[in-house]
Amino acid sequence: MTKQSALETFNTLPGRLKAYRKFLPSQVQPQVCGRLTRVVGLTLEAAGCPMTLGARCVIELANGRTAEAEVVGFDDRVTFLMPINTVEGLQPGAIVRPMTASQGIRVGPGLLGRVLNGAGVPLDGKGPLDCAKLIPFHGETINPLARAPIRAKQDVGIAAINSLLTVGVGQRLGLFAGSGVGKSMLLGMMTRFTTADVVVVGLIGERGREVKEFIEDILGPEGLKRAVVVASPADDSPLMRLRAAELTTRLAEYFRDTGQQVLMLMDSLTRYAQAQREIALSIGEPPATKGYPPSVFSKLPALVERTGNGPVGGGSITAFYTVLTEGDDQQDPIADASRAILDGHIVLNRRLAEEGHYPAIDIEQSISRVMPHVVSKEHLKSAQVFKQLYARYQQTRDLIAVGAYKPGSDPGIDLAIAKYPQLIQFLQQSLDEGRPVEECVSDLIKLVPPDLQTSGAQAKLPARKPATMPKPR
């Protein structure tokens, strides 16, 4: 450009503005804000602020405060928002400002012994988190071919599980039961007695009273020292409950990535599904299976598949998810879908709980799919013999109770009757008693040797004292 042409450009208004722009102290970018146009149930509708799905925003309330919300859907130019917390003071035309800060959570060793809500804010009154590292809220998916295979046993301190439903390091199991059968008690026992390095507990949608009781009475001070608890009670918004389950999984992923063995307990997977159902129905998604929209059944495997083993030589997440079966119905849609995506299921029986049998694990209906890969042949055979004896007794339980069974009719049933008191004693365990896995296996093999025959005429009856013939007079 020649000197004359540059002078002509400077004499024009656009040219002068362009020349002086570099001397401005800062370049302020305008922020596009929207307006609240409609509130329907749990959903807020906003216009004028296009945002991506999952983005967060701030709504200015009439009382001068602000409320945080998240984008859960959109329709043409209308954006559907869901408040993270309960809000008061919404009004038509309220300003909606997109949040530019990236989402992240604080992590580090300072998480151990702390209780957080779904947003990662401490609830225990011990001050802010002493964690300097910031990681994204959503972790990266691990290639399934890069995961280490499940080849080692995970000790959970429960005799019935360690011996008959052996858990592998990196396995994912479901704990299926109705309300009041002892799920939380069993989770607390695992937390105290497990040999895992770190325990991550997620209390999703439970009663607020149970949260405090679980932390103080069931978990206890010793269990809390190596645990981090994420709690989102039933009165939280569905979005907060959803985020609490995802935060629980994300924290477990962080500890796994540091090379540690993590035991993750989530109570419950059903409340997570119900939270997603509330969100999906509020934005207009049609119900499909017994009131559950299709997005619920796509969210479940997306959450569960994030746990498990990491790459070879790395850490692992052994996960237990409680599944609430309404009316003890094992064909509930969520229970049925969970069984298909988990590596085993442990069923708690209400009848056993009513009889005072704790933990009330139904051995017949429970299974661990990876047990054959992590135990010896001798252990596996003894577990099969134990289940056969237990099942034979349960099949003839009513006949035995009314005296209709005649001893000697079936040697296999006679053996089951003789062994049954010892089987029940082996399965029962007090809340303050932890039983290591090697001790459980040793006791199992002593109780029911692998070569013990349990059916037909080959059944080996317990040794009896030989009868003595009366002396002749």
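Predicted model: local features only at pLDDT ≥ 70, side-chain atom pairs only at ≥ 80, totals over all residues.
Local features need pLDDT of at least 70, side-chain atom pairs count only at pLDDT 80 or more, and totals for chains, interfaces and linings use all residues. Residues are numbered from 1 along each chain as its sequence is written, and side-chain values use heavy atoms, with hydrogens and water left out.

Helices (H or I, at least four residues) and strands (E, at least two) are DSSP runs, numbered from the N terminus. Helix H4 spans residues 183-193. Its buried residues are Lys183, Leu186, Leu187, Gly188, Met189, Met190 and Thr191. Buried means under 20% relative accessible area, exposed over 50% and partly exposed in between, with a 1.4 Å probe and protein chains only.

What covers these buried residues? The cover includes helix H3 (159-164) and helix H5 (208-224). Strands E12 (172-177), E13 (198-204), E15 (261-267) and E17 (316-324) are also included. Contact here means heavy atoms within 4.5 Å.

Strand E15 has six of its seven residues buried, so it is largely enclosed by the rest of the structure. E15 pairs with E13 in the parallel sense over six bridges. In that pairing, valine 201 stands opposite leucine 265 of E15. E15 also pairs with E17, in the parallel sense and over six bridges. There, leucine 263 stands opposite threonine 318 of E17. Two strands pair if DSSP finds at least two bridges between them.

**H12 and its packing**

Helix H12 (residues 377-395) packs against helix H14 (residues 411-427). H12 also packs against helix H15 (residues 437-447). Axes are lines fitted to C-alpha atoms, for helices over the stretch in contact, and angles run from 0 to 180 degrees between N-to-C directions.

| Pair | Angle | Axis separation |
|---|---|---|
| H12 and H14 | about 110° | 8 Å |
| H12 and H15 | about 60° | 9 Å |

H12 and H14 are therefore roughly perpendicular. The angle to H15 makes H12 oblique to that helix. Angles under 35 degrees count as roughly parallel, over 145 as roughly antiparallel, 65 to 115 as roughly perpendicular and the rest as oblique.

H12 passes H14 in a left-handed crossing. On the H12 side, the contact residues are Phe386, Leu389, Tyr390, Arg392, Tyr393 and Gln394. The H14 side includes Ile413, Leu415, Tyr420 and Phe426. By class, this contact has 13 nonpolar, two polar and two charged residues. Ala, Val, Leu, Ile, Met, Phe, Trp, Tyr, Cys and Pro count as nonpolar, Asp, Glu, Lys and Arg as charged, and the others, Gly among them, as polar.

H12 passes H15 in a left-handed crossing. A crossing is left-handed if the near helix is turned anticlockwise from the far one by less than a right angle, and right-handed if clockwise. Glu378, His379, Ser382, Ala383 and Phe386 of H12 meet Val441, Leu444, Ile445 and Leu447 of H15. That contact has six nonpolar, two polar and one charged residues.

**Backbone details**

Where are the cis peptide bonds described here? One runs from aspartate 267 to serine 268, with omega near 10°. Serine 268 sits in the loop between E15 and helix H7 (269-282). Another runs from tyrosine 358 to proline 359, with omega near -5°. Proline 359 is in the loop between helix H10 (350-354) and strand E19 (367-368).

Aspartate 76 has phi near 60°, a positive value in a residue other than glycine. It lies in the loop between strand E4 (66-75) and strand E5 (78-83). Aspartate 76 counts as exposed, at 73% relative accessibility.
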